[in-house]
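This report describes one protein structure for a reader who has not seen it before.

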Amino acid sequence: MKALVLTMIDHDVAASGVRHEMFPDERGRFGAFGGRFVPEGLMAALLDLEAAYVLAQADSSFEAEYRELLRDRVGRPTLLHGVRRFAELLSVPGVRVYLKREDMAHTGAHKINNALGQALLARRMGKRRIVAETGAGQHGVAVATVCAMLGLTCVVYMGADDMRRQESNVTRMHLLGAGVRPVDSGSRRLKEAISESVRDWVANLDTTHYLFGTAAGPAPYPRIVRDFQTVIGAETRDQILRAEGRLPDYVLACVGGGSNAIGLFHPFTDDPRVRLIGVEAAGLGVDTGAHAATLSMGSPGEIDGSYSYLLQDEDGQIARTHSIAAGLDYPGVGPELSHLKDTGRVSYRAATDAVALRGMRALSHTEGILAALESAHAVGHLLEMADGGEIVEDSVVVLCLSGRGDKDLAVAAERLGV
Ligand SMILES: *Cc1c(COP(=O)(O)O)cnc(C)c1O
């Protein structure tokens, strides 16, 4: 990952004079956000992890093995390709649209980039048992996959309600040899699954690594996950320079916890002419209360061990969220994306369930690509930007297709009436 950072050295310095790539600072902060809001017992584990990660980064053989496995087992680099028929729908003269095809990575989404990197880090630390949380099951499947690949023991905690709703991913994890432990407390969803994973980790520190799934949580996770996902943006930068001979005008990604977005955005943050656009889930509408538009509608506070934007109700309780896309249905977001809101470097928008379905249908009908509902939020929002006259002529657009839509067939079929 060191090499990824080095590739960015000669770019423009951001307006503030502080290069974005310098974050986080030594306290794990991105501006005001991030840090470690955790009990004492967890602090030691996080500091150990950070120290091990710093050593791994300095060891070129670590990066070499990660690169080799990304190539041979994940199928990287993923394609960046122009979608002409889809671009015609925008009705903007001369516009070119490129998709970064994370849906073509092994297991069908970007999550494996992080899962593989952290699993290698765990093995390097002498830990052969992995625990992970999962909400919709996508992260759980990626973790179960890399554990099988590397011969590590895998335990996935999952809310009992989520297990019922995401049966096929539970089956996939079982078939991959993972243990799936239902969590029956509280709302029986992701939040409780995270708590159980932490409990297990702290009780089994000698043998166990907690493989967290998005660019959020306490330091050092936001930085580790971002570094492993930065492969998306680094490849995209090379690929678009080769295809167009210049940087893109617009770069879009959907935002749940923020890992595919920060992975794509990071290598462009110090290029002020590249407009970065994060698309959150507006659910039934941002003024209905049934949404997950954390950066658009939330306020700063503590969530999952970190200070960042979150959705809270009038009593300061974490709000219930809604999105048609399970992977975006989370009331928090990572600290780096929070910081990039306050600096104004990233523009955050929100797309409703209906806009996402429009995006999914438009892309499948024009290009034969069935996008995950998460990614479809960015696709649908791009169509809305074009409708609103926001995309200028002859511009170049890059959009992260974070995953494939096979997991969403039942929901999409029902909502689209097919
Ligand atoms: C999990 C998931 C997301 C959201 O997670 P981020 O950490 O925000 O990237 C987006 N797209 C797909 C396909 C996912 O599985």
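## A buried salt bridge

Asp 200 and Arg 129 are both buried, where buried means under 20% relative accessible area, exposed means over 50%, and partly exposed lies in between (1.4 Å probe, protein chains only). Their side chains meet in a salt bridge, with N and O 2.8 Å apart. A salt bridge here is a side-chain nitrogen of Lys or Arg within 4 Å of a carboxyl oxygen of Asp or Glu. Because Asp 200 belongs to helix 9 (residues 190-203) and Arg 129 to strand 5 (residues 129-134), the pair ties together parts 71 residues apart in sequence. Helices (H or I, at least four residues) and strands (E, at least two) are DSSP runs, numbered from the N terminus.

## Basis of the model

This is a predicted model, in which local features need pLDDT of at least 70 and side-chain atom pairs count only at pLDDT 80 or more, while totals for chains, interfaces and linings use all residues. Residues are numbered from 1 along each chain as its sequence is written, and side-chain values use heavy atoms, with hydrogens and water left out.

## Other salt bridges

The count of salt bridges comes to 27. One of them joins Arg 36 to Glu 50, with the closest N and O atoms 3.4 Å apart. Arg 36 is in the loop between strand 2 (33-34) and helix 2 (40-57), and Glu 50 is in helix 2, 14 residues apart. Arg 36 and Glu 50 are buried.

Glu 235 and Lys 100 form another salt bridge, at 2.7 Å from N to O. This pair links distant parts of the chain, with Glu 235 in helix 10 (residues 221-244) and Lys 100 in strand 4 (residues 96-101), 135 residues apart. Glu 235 is buried at 13% relative accessible area, and Lys 100 is buried at 0%. Arg 76, Lys 100, Glu 102 and Glu 235 are linked in a network of salt bridges.

## Annotated positions

An unreviewed UniProt entry places the feature "modified residue: N6-(pyridoxal phosphate)lysine" at Lys 111. UniProt positions follow the numbering used here, feature names are shortened, and annotations may be inferred rather than shown by experiment. Lys 111 lies in helix 5 (residues 111-124). Apart from neighbours within four places in sequence, Lys 111 is in contact (heavy atoms within 4.5 Å) with Gln 138, His 139, Ala 142 and Gln 229.

The unreviewed entry in UniProt also places "domain: Tryptophan synthase beta chain-like PALP" at residues 76-403. Over residues 76-403 the chain is 41% helix and 20% strand, and the end C-alpha atoms are 14 Å apart.

## Aromatic rings

There are 9 aromatic pairs. Rings of Phe, Tyr and Trp (its six-membered ring) pair if their centres lie within 6.5 Å; planes under 30 degrees apart count as stacked, over 60 as edge-to-face and the rest as tilted. Phe 33 and Tyr 307 are stacked, because their ring centres are 5.7 Å apart and their planes are at 15 degrees. Phe 33 is in strand 2 and Tyr 307 in strand 12 (residues 306-310), 274 residues apart.

Trp 201, Tyr 210, Phe 212 and Tyr 221 form one aromatic cluster.

## Cysteines

The whole structure holds 0 disulfides, a disulfide being a pair of cysteine sulfur atoms within 2.5 Å. The sulfur of Cys 154 has its closest cysteine sulfur in Cys 147, 4.0 Å away, which is too far for a bond. Cys 154 is buried, with a relative accessible area of 6%.
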